[in-house]
Amino acid sequence: MLRFTLNGQPVEVDVSADTPLLWVVRDHLKLKGSKFGCGMGLCGACSMLVDGQSTRTCILPVAAVINRDVVTIEGLGNPEITSVVQQAWTDGNVPQCGYCQSGQIISATALLKNNPNPTDSDIDNAMSGNICRCGTYPRIKAAIKDAANALAKGKGQLQAVHMFEPTEKEA
Ligand code: FES
Ligand code: FES
C-alpha cells in the first residue's frame with residue numbers, strides 16, 4: 001500500500017510503485033480535473049502541486065510522492081468557493097477549450113505561492129512549461145496579475161477549499 005496526502009486527506013492506494021501519479025489520481029482516486037496531454041512531461045496538462053511545486057504527474061511515479069502533499073485543481077476550490085486564481089480565470093474568461101487550464105491554474109498558483117508579485121518575465125518563466133493550443137496566453141498573464149492584485153488587497157486565497165479537518169500543525 002502506498003500512502004500520500006491528496007488535497008489534505010490521507011490516501012492509500014494499492015498500485016504498482018511505478019504507476020504515474022496522474023493515473024493514480026484519475027483512475028484510482030477518481031479526480032478527473034488533471035488532464036492527460038502529451039504523456040511526456042512537455043505540455044503541463046497533468047500538473048499538480050507536490051509539496052507546493054507545480055509538477056508534471058504523467059511522468060512521476062506514484063512512489064515519488066509517498067508521504068508528500070499532493071494538491072490537484074479540485075483541492076484549490078470549487079464553483080461555490082473559488083480560489084483567487086480560479087476567480088481571476090473566471091473573471092477574465094481565460095479558457096477557450098479548457099483542456100490545458102487546470103494545469104495552467106496549478107502552475108499559476110505555485111508561482112504566486114513563491115512570488116506574490118511576479119513580473120512579466122517571472123510569469124513567462126513560471127508558465128513556460130504549460131502549453132495552450134488555443135493560445136490563451138495573454139488572458140492567462142492578465143489573470144495572474146489580477147490574482148496577484150487581489151492577494152495584495154487581501155481578497156481571496158490561493159487554496160480556498162479545505163476538504164479536511166485542521167490538524168494540530170495547521171491550527
Ligand atoms: S500530460 Fe503531462 S506534461 Fe503533458
Ligand atoms: S484553452 Fe484550449 S488548450 Fe488551452
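Helices here are DSSP runs of H or I with at least four residues, strands are DSSP runs of E with at least two, and both are numbered from the N terminus. The model is a predicted one, so to speak of local features we need pLDDT of at least 70, and side-chain atom pairs count only at pLDDT 80 or more, while totals for chains, interfaces and linings use all residues. Residues are numbered from 1 along each chain as its sequence is written, and chains are lettered from A and ligands numbered from 1 in the order in which they are written.

View 1. Helix α2 covers residues 84-91, and its buried residues are Val-84, Val-85, Gln-86, Ala-88 and Trp-89. (Buried takes 20 or more other C-beta atoms within 10 Å of a residue's own, exposed takes 12 or fewer, and partly exposed is in between, with C-beta atoms placed from the backbone.) Those buried residues pack against α3 (101-114) and α5 (137-152). After α2 comes Asn-93, with a positive phi near 45 degrees.

**View 2. How α3 and α5 cross.** Two packed helices are described by the angle between their axes and the distance between the axes. For α3 and α5, that's an angle of about 40 degrees and axes 11 Å apart. (Axes are lines fitted to C-alpha atoms, for helices over the stretch in contact, and angles run from 0 to 180 degrees between N-to-C directions.) The pair α3 and α5 is therefore oblique: under 35 degrees would be roughly parallel, over 145 roughly antiparallel, 65 to 115 roughly perpendicular, and the rest is oblique.

**View 3. Where α3 meets α5.** On the α3 side we have Gln-104, Ala-108, Leu-111 and Leu-112, and they meet Ile-140, Ile-144, Ala-147, Ala-148 and Leu-151 of α5. (Contact is two C-beta atoms, placed from the backbone, within 7 Å.) Sorted by class, eight residues are nonpolar, one is polar and none is charged. (Nonpolar is Ala, Val, Leu, Ile, Met, Phe, Trp, Tyr, Cys and Pro; charged is Asp, Glu, Lys and Arg; the others, Gly among them, are polar.)

**View 4. Val-65 in its loop.** Look for Val-65 in the loop between β4 (53-56) and β5 (69-71). Val-65 counts as buried because it has 23 C-beta neighbours inside 10 Å. Leaving aside neighbours within four places in sequence, Val-65 touches Phe-4, Leu-21, Val-50 and Val-70 by the contact rule. Val-65 and Leu-2 are 63 residues apart in sequence, yet their C-alpha atoms are 9.0 Å apart in space.
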